[in-house]
Structures are given as structure tokens and as C-alpha cells.
Amino acid sequence: MRKEREMPEKISPGMQQYLDIKKDYPDAFLLFRMGDFYELFYEDAVNAAQILELTLTSRNKNSENPVPMAGVPHHAISEYIEKLVDLGYKVAVADQIENPKDAVGIVKRAVTQVITPGTMVDGKNNGENNFLVAIDQAENKFALAYIDLSTGEFKVTELPDFMTVKGEIASLKAHEVVAGYPLEESQTKQLTQQLNVLISEQFERDENISNVNSFQNLSSLSNKAENRALSSLAEKTEENKAEQEPMDLSALTDLEKSLVQKLLSYIKRTQMRDLSHVQNIEHYEIKDFLQMDYATKSSLELTANKREGKKHGTLYWLLDSTKTAMGSRLLRSWIDRPLLNVNEINKRLEITQILIDNFFERADLIESLKGVYDLERLASRVSFGKAVPVDFLQLANSLSNVPIIKNILESINQPLLSSLANRMDALPELTEFINLAIDDTAARTITEGGIIKTGYNEQLDKYREALENGTSWIAKLEADEKVKTGISTLRIDFNRKDGYYFHITQSQLGSVPDHFFRKATLKNSERFGSKELSEIEEIMLEAKEKSSTLEYELFLKVRATTEQYISRLQALAKAVAEIDCLQSFATIAEKEGYIRPVLTPHDKAVNIKNGRHAVVEAVMGAQEYVPNDIEFSKDTTIQLITGPNMSGKSTYMRQFALTVIMAQIGSFVPAEVAKLPIFDAIFTRIGASDNLISGESTFMVEMSEANHAIQSATENSLIIFDELGRGTATYDGMALAQAIIEFVHDKIGAKTLFATHYHELTELETTLKHLKNVHVATLEENGNVTFLHKITEGPADKSYGIHVAKIAGLPNVLLERADIILQKLENKPVIVQSLENHDEQLSLFDFDEQSTEIIDRLKKANIDNMTARDAMNFLWDLKDLL
Ligand code: ADP
Ligand code: MG
């Protein structure tokens, strides 16, 4: 009898146990195993009931203070956990850790698992990465580490500022960030908002939930509960040191090292185990890759579309013809980090070319890749102890494709492919081992037998033989007794309660022999046993139990053996992923008619002939994309693009950015000729997209993005400014636009595309020698205007708007008036001369006659004695002189 029934008003031992555990997990939903249910109590119950649509009841209903309670059936727990975690919550699972039969008093319970958004390994995320990010700070630098527990990918870097940290988190699409230092309040706020955006991009979720609990995403390592857990973990780590192979951290900075250690502690705390697939950490530097901030990546729709944050309609979507999950993941990270090293880029381009040239080999390669399952995920399931029998079959199947892939690569007879093939270790001994051990028809369950192949283990075979013999003995006994007793309907049956028994119908009871004894009486029949039957039964039950126990043990051994291959499996996965990405490049290049770009790190000129916007072209369908040339001589740095709305300015600029990115990830590009320098960064200020993350006003966002570009760009960068200055009053915006153009022109020298509706800016071409005007051509025919989408030299026709208004049928008087106003406006000198000329004027060297006279007159003028009228006249005279 439970004590709580006797003392309902006091806290029961069960509830006390709950509270003791809960206090260590204040920021997580605690699922507390009781019988066939996992129960939630108090606030957890109230919140979970709402989120998971559970019935909210209460414990001790009749007491003064009933405890709110909600429960989920134990077999459905993963579904509920997944839902909570997808929404950004943490979940702790407390299980019974002793057999209730053995329990003295209350059964022992403990948390066996903590699942957080960044440590979820079983989600249905289509093989995409799920990164857990950790950050730390020392003086003026930051360290950032990220890990995907489902694949073992683990990297760390140092970053200069919090903005870059935020950018990395965003481009990793992290769902959880842990901080190794006490975050400033504003940082917490920024990160929380950002995580909410990233999570809601992926999962539809209720606004209210995200606001209430957003802080839960930031499982700050610095809060008290965590610190306690950290220090205790540190002690445990000390104890276990002898058994553990320590990770090699020698190449890391001190800050990186300490962060990695903190992150590993956090993982251990949540996962409660050593993870054999987390074996290597890789240091990376963002400056080794083409840099793009989050705004740039998202406005170029590289891996997530703007509308819903999904893959469809992105560059990733277009280029992804990979056949394996690891290939698809690698492709995404390639797109996120285009290369700078021309040799690395050329290697990818060369292999792509070879694969295009070897059509049949590529077709075979694709077929074999289709048979390779997610090796990284399989490895991590092994490491997590979650691998089931079919996982091993898939692993062996996958491995058996590797020698075929190697053969194909070698048959092409090219050094680059042979060296890729050499990196692939097919692990034949592991394949053979699994094929020997695991039954081809094995299922997902690991406790019900049928896992291990006959012939693998002698003892197991003996048990199985006993079982088989028993079955035929029973058949024989049944036949014999039928004859002996003359009961034609006699049969032997089995159920759990009565074991094996003779089934005798009521009408035959008279013929039951003496050596039968009664086991059970039913309505229309009775069940009997016999000594002989009991003997067989005993042998069979023993064999059955022993064989499934033995099978389970053998299976665990297979798992442990496989675990030793994890790092080799991961290395193999990497090589397979690479060739998969490259065949994908080849396949898409061939299908879409792309060409190999030529990268010229030492030549600043750009020469793209008949280029297209890869994604727009692919989704256009029946319409034809109008190809465009993009040309910069080595002395041109800025293209000022004018043209009416909807003519194709933005598309042209994005086309260039995408072509650059495609080239630098080693992909072929949509053009007939593409000669490009290597860019170190791409900065964009595109469209009027409001910044969801910070909630800043559009113009503020516009200016801070412009500032970011100007402060960070080098002469090797690419800047795209689309309608800069639009967010403020005309002159204000135009003035800023001009000043920014001049600044980029004089001080930075980055290749810049600047689309503008300020026609006046086209005059800058006369004074800025690295700036060129281009415009989008339009065709007017029989009162119809057609946008040709064709970029052409020179500025756009200024009275274009009035033309369109005329075609639209506006009254003639109105149009004439517009013409007059336009002329007036055009006679006004709006554009201030560019800085260079301005400098020359200030240098006072070549003042002309008028200027000298004006200065003379100004010097002589006695302003104190002037009337207002005199002053006006004086001014008018001066102006006339000018
Ligand atoms: P703008 O920036 O000048 O307002 P956009 O670049 O937004 O114009 O393009 C307007 C429309 O024209 C888009 O729907 C786009 O798909 C189409 N378009 C742009 N460039 C081309 C092109 N080269 N070929 C075909 N259609 C194009
Ligand atoms: Mg536009």
C-alpha cells in the first residue's frame, strides 16, 4: 500500500522524489515515469496540457491543494518530446531505474535523458543538420563552436565581434545556443529573438508560445543550476579519464579550447553518455571563405527562400541533385561557405568537367550512390546506442556499394578521381561481420529475437534446434495421443497463462485418459496437461528465453564492434558526400547548359557573356530568360544601373552575385563565357525587407547594412546596392546615395552594382572615372512598351515615366505640364560635383577670372552698411557673374 494514500495532506514520497529531481531541471519540462505513463506536474502540466493538447487533471483531487497533472502514455513519448523540442523547449525524462519488483519502498527514478532543440537526434528533419552552437567571450573576442550530434560534425572558430557571432548562428540555422559566459541583457535579447525567427522559419508555431518561453532556448551555462551541473560533471570527467580517449585540442586557441570543453560537458550532461562519434574537432576561419552576412544570404535566397524559410526556389534547391543525405548536407555547407583558394575551386571544377565528359560512368556512379544510406546518421545511432537490427543491414548494404563506387572512379583513370577513390575505405571486414551476424529479415525490435543469423553462434543454434525439435515433438505427441485416445478433435495449443495444453471439447471429456491432468476449465472445453507435454514445454520455454537473451547480448556485441569503426565510417561518409556533390554539379550543369567559369585571382576584369540568373531561369517555365552580359574592365569598379521599375535591375544584380557564388563553390555557371576574379566577400543591400530580427526601421536597416558593407569591404569584394536611399526623403536619400558611391569609388574600389531610380546620379559618370552607366533597355512600339530585360550601356532615358503615362492614356494637358516641370527640374543643378573635383577646387590652383572677381568683391563688400535690399542685389550680381 502506498504511503500517499494514508497521508494525503503531506507531500508523498513520490511527489518528494519528483520535486527533488525537478529542482535540477527548472528550465525543462520534466516527464516523470509512473507506471505506463510519463506524468507532468504543476506548471509543467498546465503548460504542456495546452501545447500538447493533453487533459489537465490533478493529483490528490480532494485535498486542499490539488497538484495539476497531465500525462502521456509511455509508448507515445517520443512524439510528444519531438513536438516540445521543435518548439524550442527542453525536455528532461525521468525513468524508473530499478525494477519495481526489487524496490524497497518507492522505486528509484532518475533523469536518463535531456533533450534540447540542439541535441535532438531523432527528429524528422529529412537528413538536414541540426546544429547546437556554443559561444564564449574573452576580452574583445568571441569563440563559437558548433556540433551536430546526429552526424558528429564539430567545428570551432574565433570571431571578432558579436555581430559576426550572430551571423554565424543564423547561417548555421541553429536552434539552440549555449553561452559559456554571462550574456549581457541585450545579447540575450538579440539571440532569443534570432533563435525564435530561426525556429519559426522551420516549424510553424504559435506566437504566444515563442514569446513566453523563448529564453528557454538559451540554456545558459552560466546560470546557477547549470554551474552546479558543470562542476559535478567536471569531477566525473576526472574519474573517467582513464577510460576516455581525450579529444585532440592541441591546435586550438585557449578560448576555443575552454569553449569546446564546456560544450562537451553540456553534451554529456544532456546525453548522459560518452559519444564515440564525437571524436574530432576542426578549427575553421571565416576569412578562409567568401564572406556573406545573414542578410546577404537570405536576400540572395541561397539555402532558404524568403517566403517560408524552406529550400524550394533557392540556389541549394537548384543545385541539389545529390543522391545521399550526407551529400545533400555537404552541398548546403559548400553554398554557405564558397571558397577563396583558386586551386581548391579548380579541383572541384575539374572533377565536375570529368564527370560531365564521362556520361556512362556518371550514370553508374549515381545508381551506386542511391544505395548508400546516411552513414553519418547510422554511425551516430550506433554511438547513441539507438541502432536497431535494420540499421546494421542498411549499413552493410551501403558499404557493399562502396567498392563499386571506387571501381567506377578508378575506371575513369584521372588522378583527381583516383585520389578520391583512395580516400574511400569500404571496410570489407565490417560488412562481412555484419552480414555474418545479422539476419536479413531482422526487424526494428531488439528484444524479440530473430536478429542473429543461424551459424553465427553455436549456443544460439543449439537453442534454436531445441525449439525446432520441441515443435516436432509436440506435433508427434499430438498425433500419438489422438490415436491412443480416439479423440479426433484433440489438439495441442499454447497460451501464456496455461502454457502448452491438450484442448478437449466437452462432448469428448469421457475419453480423457488417466495420465492427463486438468489445467483449466472453459465454457465448452477443458485444458489438460501430461507429464510428457510438461517435459517438452520446459525445454522449449527455456530455449526460448535463453535464445532471446543470448541474441540480445550478441546484438549488443555487434553494436560495440561497429562502434570501433565510427571514425572510419565518418571519413568514408565525407568522401562519399564529396563525390555526390560533384556528380550533382555535373548533372545540373549538363541539364541546364552551364559552362566552366575561369577564375583569375590576379585580374580584376569581369567578363560574363550571355549570363542568366540560375534560379529565375529554372523557375520561369515557358518564358525565356533574357541573357545578359556583365562586363567590368579592370578599371571599372562601379556600374550604376538605371531603368524603369520591373525592367530587371534587381534580377541582373542578383544574377551576378549568384554567378560569383556558384563559381566559387566550384560549380559551373549559367553563361556562355564567364571570366571572374575571386571575391573575398559579398555585401548586399537589397529591397525593402524589414529586419525581423531586430525590429529596426527600414531606413535604419538600410543604413546599417550600407555601413556594414562600407566598413568591411575590400577592393576584392562585391557590393550590391539596390535602390539605396529609397527609405528617406528624395534629396536626403539622393545625397546619401551619391556620397556612398563616391566613398566606394575613392576609398574602397570594390566591384559595385548600384541600381537607382535617382536618374540624376547618372551624371556622376563624367566625374568618377571608375563608374559606368548601364541601363535596362525598353522597346516602345505602336504605343506599347516592352521591357527587354537587356542591360545596355549608358543611362536610361529620363522622360521614360512620362512616355508610359502617355501610353496609359493620361490627359494631354497633364502630360504637357509634366514635361514642363521635368525640364525645370532638370535645369536645376542637383548633383554636387564629385569629391575629386571638389578637392581640386579647394586646392586653389586654377581659379578662373569670375571666381577671382567674386572673391575680390566679397572682400571689399561692407556688409554692415548694406540694407536688406542691397544685400539681395549684391547676391544677385554675384550669381550672375557665376
Ligand atoms: P526591377 O528591379 O528593375 O524593378 P526586377 O529585377 O525585379 O526589376 O524584375 C522584374 C521582373 O522581370 C521579374 O518578374 C523578373 O522575373 C523579370 N525579369 C527580370 N530580368 C529578366 C530577364 N533577364 N529575363 C526575363 N525576365 C526577367
Ligand atoms: Mg528592383
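This is a predicted model: local features need pLDDT of at least 70, side-chain atom pairs count only at pLDDT 80 or more; totals for chains, interfaces and linings use all residues.
1. **Pocket size and centre.** The second largest pocket holds about 1200 Å³ of space. Its lining counts 40 residues. Look for K155, E282, L330, K574 and E578, which lie nearest the centre.

2. **What builds the lining.** The largest share comes from α21, with 7 residues.

3. The residues lining the second largest pocket split into 16 nonpolar, 14 charged and 10 polar.

4. **Pocket position.** Why does the second largest pocket lie between domain 2 and domain 3? Domain 2 (132-288) gives residues to the lining, and so does domain 3 (320-427 + 572-592), so the pocket lies between them.

5. **Sheet order.** Turn now to an open sheet of 4 strands. The order is β17-β21-β18-β19, and the pairing is mixed. β17 (598-599) and β19 (628-632) are at the edges. Each has a single partner strand, so one side of each has no neighbour in the sheet.

6. **One strand pair.** β18 (residues 606-611) and β19 run antiparallel, joined by 4 bridges. Within this pairing, G611 stands opposite N628 of β19. In general, strands of a sheet pair through backbone hydrogen bonds, parallel or antiparallel.

7. **Helix on the sheet.** Which helix lies across β17, β18, β19 and β21? That is α23 (residues 649-664). Helix α23 runs at about 75° to β19.

Key. Residues are numbered from 1 along each chain as its sequence is written. Chains are lettered from A and ligands numbered from 1 in the order in which they are written. Side-chain values use heavy atoms; hydrogens and water are left out. On a 1 Å grid over the protein atoms alone, a cavity is a set of points where a 1.4 Å probe fits but cannot get out, and a pocket is an open set with protein on both sides within 12 Å along at least five of seven lines; lining residues have an atom within 4 Å of a point. Grid points are joined across faces, edges and corners, and a volume is the space filled by probe spheres set on the points. Helices (H or I, at least four residues) and strands (E, at least two) are DSSP runs, numbered from the N terminus. Ala, Val, Leu, Ile, Met, Phe, Trp, Tyr, Cys and Pro count as nonpolar, Asp, Glu, Lys and Arg as charged, and the others, Gly among them, as polar. Domain bounds come from an automatic or database domain assignment. Two strands pair if DSSP finds at least two bridges between them. Contact means heavy atoms within 4.5 Å. Axes are lines fitted to C-alpha atoms, for helices over the stretch in contact, and angles run from 0 to 180 degrees between N-to-C directions.
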